[in-house]
Amino acid sequence: MNKRIRAFVGIFLLSALLLSGCSKNSTDEPAESDSSSGVSGGASSELSAEPVTFTGTDLEGNTVSSDLFSQSALTMVNVWATYCNPCLREMPALGELAEDYAPETFQIIGIVSDVLEGDDQSLVEKLVQQTGAAYPHLLLNESLYYGLLLDVTAVPTTFFIDGNGAIVDTVIGAMEKSAWEEKINGLLEEG
């Protein structure tokens with residue numbers, strides 16, 4: 001029981017933090033890159049070589065796990081919130097990017113940071129439809145929180161994860177489509 005309470009408090013604190021506002025950098029300019037770690041904006045102080053692991057539920061009610069990373073050379077995991085205007089402004093471009101690449105090369109996954117599994121997801125579905133962000137979106141749960149979102153302090157936060165499940169880069173803040181393309185293509189070339 002104590003473990004469940006700690007998990008609930010952790011998710012509650014993440015939600016409260018994320019509800020306090022979007023990233024400090026709410027324009028379409030990403031935070032400056034920390035060249036020593038390769039993390040843009042630094043959601044965590046170091047990139048982890050340990051694979052990200054989680055299980056979650058998408059908007060259709062399907063169970064999704066971190067095994068999905070093996071389906072693409074590079075996965076972009078965009079953490080967003082229903083109240084975050086920079087998040088919503090960049091989602092149409094992310095929807096276009098999801099269509100521009102072959103799925104075995106690149107895929108996008110969204111994580112809705114302010115809607116828990118089992119909560120009413122009608123607003124999320126409406127926003128996804130309005131923005132044309134027709135890629136899978138996962139609802140927040142304990143596994144996602146501890147597996148990936150523990151160090152997230154602002155939305156949007158975007159993780160780039162390789163086919164082995166390792167985080168290769170992190171960006172805090174929204175960007176234009178051309179900037180995302182440059183980032184994606186650079187990471188695919190490095191990989």
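This is a predicted model: local features need pLDDT of at least 70, side-chain atom pairs count only at pLDDT 80 or more; totals for chains, interfaces and linings use all residues.
Let's start with strand 6, which covers residues 106–116. Nine of its eleven residues are buried, so the rest of the structure largely encloses this strand.

What does strand 6 pair with? One partner is strand 5, residues 74–80, and these two run in the parallel sense, with seven bridges between them. If you'd like a spot to look at, find Leu 74: its bridge partner in strand 6 is Phe 106. To get from strand 5 to strand 6, the chain passes through helix 2, residues 85–100, and this β-α-β crossover is right-handed.

Now look at strand 7, residues 137–140, which also pairs with strand 6. The pairing is again in the parallel sense, this time over four bridges. Here you can pick out Gly 110, which stands opposite His 137 in strand 7. The chain makes its way from strand 6 to strand 7 through helix 3, residues 122–131, in another β-α-β crossover that is right-handed.

Last stop: the cysteines. A disulfide is a covalent bond between the sulfur atoms of two cysteines. The count for this model comes to one disulfide, and it joins Cys 84 to Cys 87, with 2.5 Å from S to S. That distance still counts, because the cut-off is within 2.5 Å. The link of Cys 84 and Cys 87 is right-handed, with 80 degrees about the S-S bond. Are these two cysteines buried or exposed? Both Cys 84 and Cys 87 are buried.

Conventions: Residues are numbered from 1 along each chain as its sequence is written. Side-chain values use heavy atoms; hydrogens and water are left out. Buried means under 20% relative accessible area, exposed over 50%, partly exposed in between (1.4 Å probe, protein chains only). Two strands pair if DSSP finds at least two bridges between them. A crossover is right-handed if, with the strands pointing away from the viewer, the path from the first strand over the helix to the second runs clockwise.
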